[in-house]
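Here is a short briefing on how the chains of this model meet. Please look at the structure first, then read on.

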Amino acid sequence: MPDESPRITVDEVSKVATLARLILTDEELSTATAELSAMLDHFADIDGLDLEGIEPMMQPTPLANVMRDDVVGVTLNREEVLSQAPLAEDGRFRVPPIVGIEE
Amino acid sequence: MSITYVNDDAFHPSNDDYERWSKDGWEMVVGLEVHVELATKTKLFSASPNRFGDEPNTNIDPVTLGLPGALPVLNRQAVELAMRLGLALNCTVQKSTFARKNYFYPDMPKAYQISQYDEPINIDGWLDLPDGFRVGIERGHLEEDTGKSTHVGGAGGRIHGSDYSLIDFNRAGVPLVEIVSRPDIRHPEQAKGYINELREILVAVGASDAKMEEGSMRVDANVSVRKPGENFNTRCEIKNVNSVRSLGRAIEYEARRQIALHEADEPVVQQTRHWDENDGRTHTLRSKEDADDYRYFLEPDLVVVDPGIEWIERVRDALPVLPAERRAILADAAGQAANSEAVMVVAERGQDNYVMDVAKLGGDAGVALKHVKEAPELAEQVPVESVATLSKMELSGVITASQAKTIVAVMIESQNVDPEVIAADLGFEAMDNSDLEAMVDQAIAGQPEAWEKFCAGEGKAMGALVGAVMKASKGQADGKAVTALIQTKKPS
Amino acid sequence: MNNNRTSAVDIAQNVRNNVKTAADFIEEHLARIAEHDGEIHAFNLVLAKEARARAAEIDEMVAAGRDPGPLAGVPVALKDNMCTQGIPTTCSSNILADWRPPYDATVVTRLREAGAIFVGKTNLDEFAMGSSTENSAFGPTKNPLDTTRVPGGSSGGSAAAVAADFAPISFGSDTGGSIRQPAALCGVVGVKPTYGAVSRLGLIAFGSSLDQIGPFAHTVADAAVGLQTISGHDPGDSTSIQEGPLDLSRKLELGVAGLRIGRITDLPAGASPDVEQRTEEAFDALRAAGAEIVDVKVPAFSYGLTAYYLIAPAEASSNLARFDGVRFGMRTASTDTNHMYMATRTEGFGDEVKRRIMLGTYALSAGYYDAYYGRAQKVRRLIANDFSAAYEKADVLLTPASPTVAFEMGDKASDPLTMYLCDTYTIPSNLTGHPGMSVPFGTGDHGLPVGVQVLAPALKDDVMFQVGAALERSAPQRSTGSGEGGAS
């Protein structure tokens, strides 16, 4: 419906992409906004449902109190693990400077 | 996330009776968030060892590293310890669930932390400081610790200006309990007292060794200021406080900083600030507004934890006598206040049992307490019988206080632990009261100016008179008895 | 196609009884793979060397008088989202292109201990997101019955592997229908068990509250053995059932006399006429075999798609955040960590994966949780309540598995929403945690197979198999690629 405001704006999609650590070009942003908007339009069928008093169902399982004893188990071999690491040094995982997150 | 308190004045009415810090009509409002590493053998969600100081990345498994396909399994002992500390803090232990807190950081292997959000295991408790001031505890919840990053190339190992960072995941997955207090604290000393008492409780119940300097207890302070009785203002979170002393300094600095802003009609920006011990100030780290949206949702890989009344009561019954009660028992026996220095020091050392044992043998708890405080080794090295006997000797005046002190030193340093034998060896004899009176008369006669001043009301002049008697008696006179005698000679 | 295929049950029997060696069986299957997989592309990785070595071990065990287990010598294909220690596990994504897990999935361990021989890791829609296997970063898989068409998805490779007789049993994962739909499109049996019946430890997660591993096979009996072997409590998966392995073979011969088969009268429309016709015939066949057909309503059924496409991407957005270039997998070098995250994930993930991550992130984000994710979980409860009510009146329910027969490559690639509709009939049972299985039942348009779906209440997988076996016995013969049907 052309005169309805979109379900999701370019700005919101941009924020979402940042949260998800994805880079979108302007064109991709446009496309993603249109796609997500169309999907959310489709998903609006649940908007009208009366969900008063309905408890959310987060899991299908009725289980409770699944725990394990405090006993040491097998650990992984560091060399095997680090051999799969993109970059390692000194027995540790190496990453570029951690800026742009805290500062 | 936390409940927004507008005004807390109704929490614990007697809190009003305590001293509040103030400056220029402003008071501080402080809440503390404490992260405590639990003393389990393994991690919260996997069976890797929970151990400090091992070679990097040797206590790892698929869950710790957040490898694809890995699944968490909850450590029962962590739940037990969380319950223990919750009950020790007067919390209600309730059914609880886990949630994912989603954010990206290199030491967060899954890019989400498993924590507790809507339904934490502990709620609505409190901690009473030794002087009786009550700090409310909003909640205590379980969560996993992150790995550790080391920054290479920057100044002082800081992130800023570093060339790269190295990540060690040994600590990732270690069980933590985050204890969130209500913003009830109104004085830096209360904050310090809270941390000290909390630490004692955690150690007493075996939940953690709670060492700030080692990182097994981490304290963040939420600080704001207000005019008393008014609503709360914007607060800042202070991080990187590594000792109790720093905590007091940081809180005071931050309160003053905010007061200056309010007074200058400038806004206090809600943000996280970093305490710098070296320059004694807090600095901006990041603005809370820019912080990630954590998108909390129920952790689908774990199920609800519902301890049930039986387990809860079992844990409660097994709790040891807590520090406050130990102090109360000791104080009562020794005839002192529960927050007197001697009681606090001796109880904190865990030597209260020793003093109580002395009392059980008929010794005097007050006297024993005094000596144990002054000479901690007494409780480690000397049998309770010896101290019991010593205290009886001192109380009845057979020996003086300073003579008793000497005997204590001897018992600690030598193999001889029989106070009566030591007293005899050292020639300590009870001074006859008539001998004493004679010495007092002689001292008065020999110090006419001092005597005149004393009779005129100068209490300090007593010192010269007592000193003369002590000299004449070669230190064997009982100072208290001398003082009493001099007083009786004063013309009324 | 091989009209003389040997079932898994028979292979195991032959090997255990020294009638034929595991080595021989493996060579036959490897030869077929070598001849045809170049075109089909069911596999990301064929494990010829490992398979031969394992076959030799199995044969040695038999020679030494030891029993290798119920799947002795059976060639098995594994969807490439299940961790196999030391062997690349890619999820058909560039971001995991060379990753070798340091551990085995529980399912992998159980299969190996039962004597199974892994012949390869199969292709899938990237990170299990899709219904056609066209979203694979390594190229699509073709439907062996018509190579211009898709095999379905996301477990298209595993479905095709069985359809092409590369292995008598394969395993896939089903989050919204990703086993049952490709099974229907490829004319094989595909099963999603009760949620928690099979351990998810080592399955690379997509939608944690929805995912389950299950078997593909030509026969219900083979699927039963495959599922039994991997099912049962795993202390390493906190959501796994408390009970031991499912006992599925017991009821296969019982037939359906006295059982109530539910017809969902308010089932969403959208199935093509040929599929509807075969489904109708399936009801007729069961009625003729002595079952009672009852009408039931599941009013909230049609909301399943919406609930699923808010819940699954939300969970996925969190599950896929660990692909950040720090500890494993692809990394795009960058000047700082934040850029490393962004560049790595942008380059490493395909379009559909990125689309779902963004949708899921949005559904969980501050201010939108209540309207989307929170609301969807309530709709989930509504759907579960409706199914519970239906199961008071019926023992199992019958629906089409897929709305259509296999569609042509590229047919639905332009509009994601069109693709999502493929899972209309399978999704609700992922939301509720109930088991479902697709059983081939005749052909539809273009002579392509149609699958009929049996749905059952939680932990009634054995009843579901009972009905599935009955359907298999009464299914119309297919002119292409059908072998012996049913257990005997």
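Two residues are in contact if their C-beta atoms, placed from the backbone, lie within 7 Å. The model is predicted. With that cut-off, A32(A), E35(A), L36(A) and M39(A) of α2(A) meet R355(C), M358(C), L359(C) and Y362(C) of α11(C).

- The crossing of α2(A) and α11(C) is right-handed.
- The contact of α2(A) with α11(C) has six nonpolar residues, two charged residues and no polar ones.

**Chain C against chain A**

- In this interface, 53 residues of chain C are in contact with 45 residues of chain A.
- On the chain C side, at least two residues each come from α9 (304-319), α10 (337-348), α11 (351-364), α12 (370-393) and α13 (416-420).
- Helix α12(C) supplies the largest share of that side, ten residues.
- By class, the side of chain C that touches chain A divides into 23 nonpolar, 19 polar and eleven charged residues.

**Chain A against chain B**

- Here 34 residues of chain A are in contact with 42 residues of chain B.
- On the chain A side, the elements giving two or more residues are β1 (67-68), α3 (78-83) and β3 of chain A.
- Strand β3(A) gives the most to that side, with four residues.
- The side of chain A that touches chain B has 17 nonpolar, six polar and eleven charged residues.

- An open sheet of four strands runs in the order β2(A)-β3(A)-β10(B)-β9(B), with antiparallel pairing.
- Its edge strands are β2 (88-89) of chain A and β9 (148-152) of chain B, and each pairs on one side only.
- Where do the chains join in this sheet? Strand β3 of chain A (residues 92-95) pairs with strand β10 of chain B (residues 164-168) in the antiparallel sense, over three bridges.
- Within that pairing, R94(A) has L166(B) of β10(B) as its bridge partner.
- In another pairing across the two chains, β1(A) and strand β3 of chain B (residues 74-75) run in the parallel sense over two bridges.
- Here the bridge partner of R68(A) is N75(B), in β3(B).

**Inside chain B**

- The domain assignment of chain B gives domain 1 (13-316), domain 2 (323-425) and domain 3 (433-489).
- Taken over C-alpha atoms, the centres of domain 2 and domain 3 of chain B are separated by 29 Å.
- Helix α11 (residues 384-395) and helix α12 (residues 401-413) of chain B pack at an angle of about 165 degrees, with their axes 10 Å apart.
- That makes α11(B) roughly antiparallel to α12(B), because angles over 145 degrees count as such.
- The crossing of α11(B) and α12(B) is right-handed.
- S386(B), L390(B) and E394(B) of α11(B) meet A401(B), A404(B), I407(B) and M411(B) of α12(B).
- The residues of this contact divide into five nonpolar, one polar and one charged.

Conventions. Residues are numbered from 1 along each chain as its sequence is written. Chains are lettered from A and ligands numbered from 1 in the order in which they are written. This is a predicted model: local features need pLDDT of at least 70, side-chain atom pairs count only at pLDDT 80 or more; totals for chains, interfaces and linings use all residues. Two strands pair if DSSP finds at least two bridges between them. Ala, Val, Leu, Ile, Met, Phe, Trp, Tyr, Cys and Pro count as nonpolar, Asp, Glu, Lys and Arg as charged, and the others, Gly among them, as polar. Domain bounds come from an automatic or database domain assignment. A crossing is left-handed if the near helix is turned anticlockwise from the far one by less than a right angle, and right-handed if clockwise. Axes are lines fitted to C-alpha atoms, for helices over the stretch in contact, and angles run from 0 to 180 degrees between N-to-C directions. Angles under 35 degrees count as roughly parallel, over 145 as roughly antiparallel, 65 to 115 as roughly perpendicular and the rest as oblique.
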